Amino acid sequence: MEDTQTMTLTGPDRVLAAAPAQPTQALADLAPPAGLSPAQPSAELSAPADERAAWWREAVIYQVYIRSFADGNGDGIGDLLGIRTRLPYLRALGVDAVWITPFYPSPMADGGYDVGDYCAVDPLFGTLGDFDALVAEAHAAGLRVIVDVVPNHTSDRHQWFTEALAAEPGDAARGRYIFRPGKGEHGELPPNDWESVFGGPAWTRIVERDGTAGEWYLHLFDPAQPDLNWHNPWVREQFEQVLEFWLDRGVDGFRVDVAHGMIKQHGLPDVGYSGQITMLGNAVLPYFDQDEVHQIHRSWRRILDTYPGERIAVAEAWAPSLERLAAYVRPDELHQAFNFHYLGTPWEAQPLRTVIDQSLGTARLVGAPSTWVLSNHDVQRHVTRYGGGETGQRRARAAALLMLALPGSAYVYQGEELGLEEVFDLPAELLQDPQRFRSADGSSGRDGCRVPLPWNGAVPPFNFTPLGIADGWLPAPAHWAARTVEAQWQDPDSMLGLYREALRLRREHPALGDGALEWSPSPAGTLVFTREPGFVCTVNTGSEPVALPAPGTPVLASGPFELGADAAGQASVVLPPDTAVWWVRSASD
Ligand code: NOJ
Ligand code: CA
């Protein structure tokens, strides 16, 4: 290639053909360091929530893992007040909605996914008043709010389960859960061979009131999370009331935990082998993805549709295939489903293209938008999965541009916009994840992706807690000083700078968000696709630089690249390994 010119597109001189750069707002305006004064909706932020129909078809939804996002009261644990203080940050980042993980009263056997009361707030996280204020302030800031609902199981301390334990076998209170007599001469063996996702048997035997060893109850997760019996209409009615409780308080939707698990195959047949399932796995099993579960989702959709403003539900469904996943987002069911098939795809062009095509194709069959996700609170952070270190950062930057250019809606897990990696050296005495405790070798815990966010300052906990008066519940590594929001906010070359700019362009460019894509032929290891009108994304996932025709004017790049001309004088680009570039094309290109 001749006449090459090295471009960065992330420094101050970056080409912004699509729109002029936004004036940078000082970090101090965005994240009050004391963390004590909730964000007041300013005139600038007071626009009503987006009125467009079907906002969710292209929304970028930011996942707040509440315990680790921001601590408002100084006890080292993130809370609702903390989220309120950071709403200006989320607004300035440029996302459309927040999904907040469970904040309900809970013994915290599984980080809040063991719910003790579905219609209240755990004092650890604040009050219902705090929640109402959060919703009001988020809406005033143009952000929608999605909350978790956890219908597959309750906490073992939930009143329903306490009543079930106190009841006799066969009583109505037992019928809310899945109790069975054991096998073996004295009922000493579990009723079947089902395994807990966290490891070990999915059954625990209880002691009856008279002191004898009694029935067993099913728990697909921790023993502290007994599974509800969704064949029981009483359970269905309870959850309809739960949905209405939060919808009446103004939530914009629900993330449905284990949406594929509520119905178990009649007769509870044995699986026949061990090693049945891991977190987010896709095996075909009698306790997951049963056809009858869709009845429940249809009834929930009817409730959502009685509320104004496109209230949505997103399924956390571990389906064996993208076709089975699409069933959860049929027009009369839920609106979205997390695309864990995409999350689990390696950083390689061909498998990525295949999963993208299958995702778009299957979702299109039912008229639903595809969703894209790279990380969440259940998996190793993707910087680490992609190789860690500089390689992981480089790939994560390119992966962000790929994901945010795809048609549909995208989920961003808190901290991925800072380039946070998995933390492996947490002190053993602080670890809390039940998956770690129950897994065979204790190595598969999820604490390492849940370390509190670094906001500002030079030393841990980086103002995660107000005034730095407490440690976060898990310690942040000292080297995160370079990864705080403050350290990256003004730096367009940082991961945060890249996400901000990508989100800004995504909001402004008419081709991005909902719609379709068209692939262009490209060399092995690369992806090139067009979104009309006039937007092109090029990605090199390989380990060697690749020369391509330049498809327009570059507007954003995940790393440096070279522009030049080929022998025939046509504009060309050399994409280094693990690099993505966004281009806009005018009629003359
Ligand atoms: C999925 C949640 O994301 C995970 O954190 C939890 O442990 C299980 N469901 C059980 O509720
Ligand atoms: Ca707190």
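Biologist: Are Trp347 and Tyr386 buried or exposed?

Modeller: Both Trp347 and Tyr386 are buried, where buried means under 20% relative accessible area with a 1.4 Å probe, counting protein chains only. Keep in mind this is a predicted model: local features need pLDDT of at least 70, side-chain atom pairs count only at pLDDT 80 or more, and totals for chains, interfaces and linings use all residues. Residues are numbered from 1 along each chain as its sequence is written, chains are lettered from A and ligands numbered from 1 in the order in which they are written, and side-chain values use heavy atoms, leaving out hydrogens and water.

Biologist: What lies 2.5 Å from an oxygen atom of ligand 1?

Modeller: That's a polar side-chain atom of Asp110. Asp257 also has one, 2.7 Å from a ligand 1 oxygen. The protein covers 100% of the 300 Å² of accessible area that ligand 1 has on its own, using the Shrake-Rupley method with a 1.4 Å probe.

Biologist: Switching topic, which ring does the charged end of Arg86 sit over?

Modeller: The ring of Trp455, 4.0 Å from its centre. To count, CZ of Arg or NZ of Lys must be within 6 Å of the ring centre and within 35 degrees of the ring normal.

Biologist: And Arg174?

Modeller: Its charged end sits over the ring of Phe179, 4.9 Å from the centre.

Note on methods:
A polar contact is a pair of N or O atoms within 3.5 Å; within protein, one must be able to donate a hydrogen and the other to accept it, and residues adjacent in sequence count only if both atoms are side-chain atoms. Buried means under 20% relative accessible area, exposed over 50%, partly exposed in between (1.4 Å probe, protein chains only).
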